[in-house]
Amino acid sequence: EVILPFGLLKDVDILLKRHLSQKSTKGAVSNSSISRADDILGNQEASYDQPEPPISATKERILRQKSLELCDRQQEWQDSPEGQKMLEFRRSLPAYQEREILLKAISKNQVVVISGETGCGKTTQVPQYILESEIEAARGASCNIICTQPRRISAMSVSERVAAERGEQIGESVGYKVRLEGMKGRDTRLLFCTTGVLLRRLLVDRNLRGVSHVIVDEIHERGMNEDFLLIVLKDLLPHRPDLRLILMSATLNAELFSSYFRGAPMLHIPGFTYPVRAHFLENILEMTGYRLTSYNQIDDYGQEKAWKMQKQTLRKRKSQIASAVEDAVEAADFSDYSHRTQESLSCWNPDSIGFNLIEHVLCYICKNERPGAVLVFMTGWEDINTLKDQLQAHPLLGDPSRVLLLACHGSMASSEQRLIFNRPPDGVRKILLATNMAETSITINDVVFVVDCGKAKETSYDALNNTPCLLPTWISKASARQRRGRAGRVQPGDCYHLYPRCVYDAFTDYQLPELLRTPLQSLCLQIKSLQLGGISEFLSKALQPPESLSVQNAIDYLKTIGALDERENLTVLGRHLSMLPVEPKLGKMLILGAIFKCLDPIMTVVAGLSVRDPFLMPYDKKDLAESAKAQFSAREFSDHLAVVRAYEGWKCAERQQSGYEYCWTNFLSAQTLKAIDSLRKQFFYLLKDTGLVDLDKESCNMWSHDQHLVRAIICAGLFPGVCSAVEPEIPYPWLVFNDKVKVNAVFLRDSTAVSDSAMLLFGGRISRGGLDGHLKMLGGYLEFFMKPELANIYLSIKQELDELVLSK
Ligand code: CDP
Ligand code: MG
């Protein structure tokens, strides 16, 4: 690997800095990430405040008066007939039995861990018990309870529910706050918010002034925000001895949290659920009589499979579907649930088997089963919508007099939310299509049947933006059990797992905490952008810290690519990278692609690298497949540009309704191409949100046809992954690569050949002494390209660089 002294990174830093200041003076993008980036400019760390001054006698009198009013109002509601009815319901929940024990433990200990089955009343009751007891003790006006939820929808629906249980409108004593939205009044004493909202408050108010209780809900999910929050709160506790911290979780690994907080007491709310029968794909197919009738339908099982099955499968089995199951299972290597295994598991892809099979199972339930609502776990909003459209066209499932079909998702309107909890009229079956948020955070009482596709989109690391992460992955055994459990709330239930038993056996026991599955480089950027102090020091305080050597490697890498400066502060480039939910090197490509107006091909390259190679390499047709790929890559000397060409060709073919044939003849996976397509759309909106592309699609693609420029941007992203190319037929002296793999020799994965000039200008950083030479090179580069558009960018950079040189 060669580290060259020149490069364009500093220049880009300057460009981005100017971009930031222009945006903020214009004020045009008030809600975008740019303004968020602006409030965290400066890299300084938040510090603990002085203790609060004592309250004046007058203020104390007012507070007391208000507390008494609150107490009267609460009593009045509880004595009313509606209030009585509500109390009766609340007293039927398992949590009620533990009310006094819970309250006592909370008042006696700074930290308490509470666990209990989903639906036992943790989220709606525990915060309310605290509020009620404070009000009863005439401290109502001075208490301030914050309860965090991992998702917007639960923060909103729970606050509404709790307000209703207290006979109030939302925004009175109970409110909520999620990103860009909230209902909170001056007298709100119990606030439900997303974890991200509390993290942001901690940025400006490290002491959580005036807060009396913090309740962190759903900690078993081990989301990154929650793990982050726990580190910050743990640091805060000694500074705020009066603050109470309550951790709540559905499943039982309370010990972990308890020992993290020096043996905090654990309380369990015992609950009761009915048994649920689990059906795996083998029995489901037999039971429901699902049959594949044509070869095309086999393609439902993922194109990769189709190649293999063509030869073996069709002839030898009595039932085609049974063999498809076996094949998929055979092809997957379940010995170790690593990244690699995930890839091989992908040949058993529920996204693609999904829709017809789900429709079939739903039909089966509607025709043959006892009454009861059906909850279907899907991976994401897009899937849910597509399936909903398909089901609506079905004669039985789409008939509103027989089926009430509802989608359930984080960003839906609250009027639609309420429908989810309502019971449908007799004779109408409710079918809910939901994401994994229905696993624990919301409870729907009439569910008797669960259909589980086995995958979920993992939540993202992006704490500030809360952007959903992009790829669906297999769930854990704990999640599968949790999903199954949803069917046993009111009577014995049935769960249909749409994957073979052995796939279930290959699931991990618990999902790895998000903090440990998030790429460390991205995580380090996040810590800096949230101003949480030194990276290594901060991470060492986590519940399950990552290894320190890997942390150091990540920091060094971030310095090399110019995202952190020598003192580990975020550079402007680093700040932008922290807002994009992709690896830093890919983020850098996207940013440069936007600045240099060649966005389309760069988005395809980045999407391709984040999903997987769309080129298929079936074992028995390796030669054919390789020559098919060579058609795309040979001329370009680039795996990355091959993906760009293949994608462009596919888009073209799709428009002529011949996408399928195109994939077939070129050994491409339509499924992967579709995933790339959807990622590209997400990238575009993200970049638009950060304000880097505020133009229309055309103008961000002014130079997209210029493969020299595209190559140079790929080089900037993949640097320092460089080696010199010795193959005589390659006209370029350098190869930049995405990955090095050591098998028996070292192999480079995904490489692109690049020229000297691209390497000099886009690879690495400028050294101090190198400015002059760098400027000369820029001149040469400009001539080389003869691009007035680029010339303008460079001229302005040059001016700034000149000033920089003069000021030094
Ligand atoms: O947090 P946990 O899973 O322990 O339960 P919860 O969310 O507090 O819900 C307790 C009970 O309140 C559920 O079993 C539902 O019956 C009811 N509930 C409701 O009727 N409407 C809501 N929006 C939320 C909860
Ligand atoms: Mg809950």
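Two strands are said to pair if DSSP finds at least two bridges between them. Helices (H or I, at least four residues) and strands (E, at least two) are themselves DSSP runs, numbered from the N terminus. The structure described here is a predicted model, in which local features need pLDDT of at least 70 and side-chain atom pairs count only at pLDDT 80 or more, while totals for chains, interfaces and linings use all residues. Residues are numbered from 1 along each chain as its sequence is written, and chains are lettered from A and ligands numbered from 1 in the order in which they are written.

Strands of a sheet pair through backbone hydrogen bonds, either parallel or antiparallel. Eight strands make up this open sheet, and their order is 4-3-5-2-6-7-1-8. Strand 4 (181-183) and strand 8 (266-269) are its edge strands, each pairing on one side only. On average, neighbouring strands of this sheet are turned by 20° against each other, direction ignored; for such angles, axes are lines fitted to C-alpha atoms (for helices over the stretch in contact), and angles run from 0 to 180 degrees between N-to-C directions. Within the sheet, strand 2 (residues 145-149) pairs with strand 6 (residues 213-216) in the parallel sense over four bridges. There, cysteine 147 stands opposite isoleucine 215 in strand 6. Helix 9 (residues 195-204) packs on the sheet and touches strand 2, strand 3 (174-178) and strand 5 (190-194). The direction of helix 9 makes about 100° with that of strand 5. Contact between two residues requires that their C-beta atoms, placed from the backbone, lie within 7 Å.

Another open sheet has six strands in the order 9-16-13-10-12-11, with parallel pairing. Strand 9 (276-279) and strand 11 (403-408) stand at the edges with a single partner strand each, so one side of each is left without a neighbour in the sheet. Neighbouring strands of this sheet are turned by 20° against each other on average, direction ignored. Helix 18 (residues 381-392) packs on the sheet, where it touches strand 11 and strand 12, and its direction makes about 170° with that of strand 11.

On the strand 12 side, valine 374 stands opposite isoleucine 431, and leucine 375 has leucine 432 as its bridge partner. Alanine 373 stands opposite valine 447 in strand 13. Five of the five residues of strand 10 are buried, where buried means that 20 or more other C-beta atoms lie within 10 Å of a residue's own (exposed: 12 or fewer; partly exposed: in between; C-beta atoms placed from the backbone). Ala373, Leu375 and Phe377 point one way from the strand, and Val374 and Val376 the other way.

Glutamate 168 is found in the loop between helix 8 and strand 3. This glutamate 168 counts as partly exposed because it has 15 C-beta neighbours inside 10 Å. Leaving aside its neighbours within four places in sequence, glutamate 168 is in contact with Ala163, Ser173 and Val174.

Finally, the axes of helix 30 (residues 639-655) and helix 31 (residues 659-666) come within 7 Å and cross at roughly 145°. Here Ala646, Gly649, Trp650, Ala653 and Glu654 in helix 30 meet Gly659, Tyr662, Cys663 and Asn666 in helix 31. The residues of this contact divide into five nonpolar, three polar and one charged.

Methods:
Nonpolar A, V, L, I, M, F, W, Y, C, P; charged D, E, K, R; others polar.
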